[in-house]
Amino acid sequence: MKKHTHPSAPDGMYSQLVDEDLPASQFIHDVQPRGASAGSGSGIVVSTARTVVFVSAGWLSFEGSCYRVSRQTANWRGGQRLCQRDGGQLAVILSAHQQGFLWDLLPRGYWNAFWFGLSDQHTEDVWTWVDGTPLVGGFWEEGEPNNHNNEDCGYMVKTLDLERVAVRSWYDAPCYMSLPFICQKVPGTGPPIAPTSH
């Protein structure tokens, strides 16, 4: 199993599994902290004590849920439909630990933006998650949400600017924008993975 360090990760903080190298029949791989020997089954190397495991191709498990950062783009509703197709939903972020975990998965770029499962489409300024629960707190950038142009959907940004941090990375945007997205599901849900031949 090959590992590579994402080129935009600060100081090579995380190494990520190359998706094509993960056999579809493999379900879970343990992870080792940075500095540990890279034995078989190491998919991602983390510098924290968090428990992270691979769950099916392209998904990572954290605190009881599985997550995937998409490579494709869609509007907010389209992202939700694509997550549902795989047995999940757009990510619901309820803790600073979860926010930090997802933030660490995202690559830095000029303006790398990713949908997650928050909107105020039903009632302006009443932000709710895709599962219907209300937002409590959040990790909004200063001055956000601002509903500048009928902006009813939440997205997370990670830029090349190292001053941009996880706890101030949420923005609101028009839901029709096409962005990559973050999916979340319960381990073991979703369509079966067809075996691949290598």
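**Aromatic contacts and an enclosed strand**

Phe116, Trp127, Trp129, Phe139, Trp140 and Trp170 form one aromatic cluster. The model is a predicted one. Across the whole structure, a search finds eleven aromatic pairs. One of the pairs joins Phe62 and Phe101: the ring centres lie 4.3 Å apart and the planes meet at 5 degrees, so the pair is stacked, given that planes under 30 degrees apart count as such. Phe62 belongs to strand 7 (residues 60-62) and Phe101 to helix 2 (residues 96-105), so the pair ties together parts that are 39 residues apart in sequence. Phe62 and Phe101 are both buried. A ring also takes part in a contact with a charge. The charged end of Lys185 sits over the ring of Trp59, at 4.4 Å from the ring centre.

Strand 12 spans residues 153-158. Six of its six residues are buried, so the strand is largely enclosed by the rest of the structure. In a regular strand, side chains alternate between the two faces of the sheet. Here, Cys153, Tyr155 and Val157 point one way from strand 12. Gly154, Met156 and Lys158 point the other way. Both sets are buried.

Strand 12 has pairing partners. Strand 10 (residues 112-119) pairs with strand 12 in the antiparallel sense, over five bridges. Within this pairing, Tyr155 of strand 12 is the bridge partner of Trp115. Strand 13 (residues 170-173) also pairs with strand 12 in the antiparallel sense, over four bridges. There, Cys153 stands opposite Ala173 of strand 13.

Technical notes:
Residues are numbered from 1 along each chain as its sequence is written. This is a predicted model: local features need pLDDT of at least 70, side-chain atom pairs count only at pLDDT 80 or more; totals for chains, interfaces and linings use all residues. Side-chain values use heavy atoms; hydrogens and water are left out. Buried means under 20% relative accessible area, exposed over 50%, partly exposed in between (1.4 Å probe, protein chains only). Helices (H or I, at least four residues) and strands (E, at least two) are DSSP runs, numbered from the N terminus. Two strands pair if DSSP finds at least two bridges between them. Rings of Phe, Tyr and Trp (its six-membered ring) pair if their centres lie within 6.5 Å; planes under 30 degrees apart count as stacked, over 60 as edge-to-face and the rest as tilted. A charge sits over a ring if NZ of Lys or CZ of Arg is within 6 Å of the ring centre and within 35 degrees of the ring normal.
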